[in-house]
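Hi,

Here is the structure for you to look over. My notes follow below it.

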Amino acid sequence: MRSEQLPAADRLSLGPKLALAAAALSAAVGVAIAVADSMSAYVAIAVGSALGSVGRYWCSGITARLVGETFPWGTLLVNVVGSFVIGFFSTLTGPDGRVFASTTARQFVMVGICGGYTTFSSFSLQTLNLVNDGQWLYAAANTFGSILLCFLAVWAGHAIAANLGALRLT
């Protein structure tokens, strides 16, 4: 939902910068999905990857500033959110899903945006750095937290989208 569609009280609680960023991201993704259908799959994936990578950089940076960098919370959050989004979108737009999306649009979101957004390579490097620094407990927490929370997020996205199929919108 774009910020101008939110009730005034909800817009204010988001903060003006976050509300503006959310509205801009929503508009950009909407336009990009519309354009993606007319582009080749490679271009659609490249554009999606760029958007996902910028989103990852922004989300990780905000998280690091809010909670610090002792533990890779930003990477964990990005992986959980990315897992939820790919689980939700793949089910919502799949063969039995409620919303039709072309193959190119699905590739744009799932391969491009989600592929650019999620950061398992960063996760692996940060976990190795924790091990090399002797932070075994943090390394184990990051590994098990990432696996468990990302699995739960992809399952939740799938379950929510699957249940949307049972809703009547008339």
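Is Tyr-138 buried, exposed or partly exposed? Tyr-138 has a relative accessible area of 33%, so Tyr-138 is partly exposed. (Buried means under 20% relative accessible area, exposed over 50%, and partly exposed in between, with a 1.4 Å probe and protein chains only.)

Ground rules before the rest. This is a predicted model, where local features need pLDDT of at least 70, side-chain atom pairs count only at pLDDT 80 or more, and totals for chains, interfaces and linings use all residues. Residues are numbered from 1 along each chain as its sequence is written, and side-chain values use heavy atoms, with hydrogens and water left out.

**Aromatic pairs**

The structure holds four aromatic pairs. (Rings of Phe, Tyr and Trp, the last by its six-membered ring, pair if their centres lie within 6.5 Å; planes under 30 degrees apart are stacked, over 60 edge-to-face, the rest tilted.) One of them joins Phe-71 and Trp-73: ring centres 4.5 Å apart, planes at 55°, so tilted. Phe-71 counts as buried because its relative accessibility is 8%. Trp-73 is at 44%, so Trp-73 counts as partly exposed. The rings of Phe-71 and Tyr-138 have centres 5.7 Å apart and planes at 70°, so that pair is edge-to-face. Phe-71 sits in the loop between helix H3 (41–67) and helix H4 (73–92), and Tyr-138 in helix H7, so this pair ties together parts 67 residues apart in sequence. (Helices are DSSP runs of H or I, at least four residues, numbered from the N terminus.) Ring pairs link Phe-71, Trp-73 and Tyr-138 into a cluster.

**H6 against H7**

Helix H6 (residues 120–132) packs on helix H7 (residues 136–164) at about 155°, with axes 7 Å apart. (Axes are lines fitted to C-alpha atoms over the stretch in contact; angles run from 0 to 180 degrees between N-to-C directions.) H6 and H7 are therefore roughly antiparallel, a term for angles over 145 degrees. From H6, the contact takes in Phe-123, Thr-127, Leu-130 and Val-131. From H7 come Trp-136, Tyr-138, Ala-139, Asn-142, Thr-143 and Ser-146. (Contact means heavy atoms within 4.5 Å.)

**Gly-87**

Gly-87 lies in helix H4. At 3% relative accessibility, Gly-87 counts as buried. Gly-87 touches Val-154, Gly-157 and His-158, leaving aside residues up to four places away in sequence. How far apart are the C-alpha atoms of Gly-87 and Met-110? They are separated by 9.2 Å, and the two residues are 23 apart along the chain.

Best wishes

Key: Helix = DSSP H or I, 4+ residues; strand = E, 2+ residues; numbered from the N terminus. Parallel < 35°, antiparallel > 145°, perpendicular 65-115°, else oblique.
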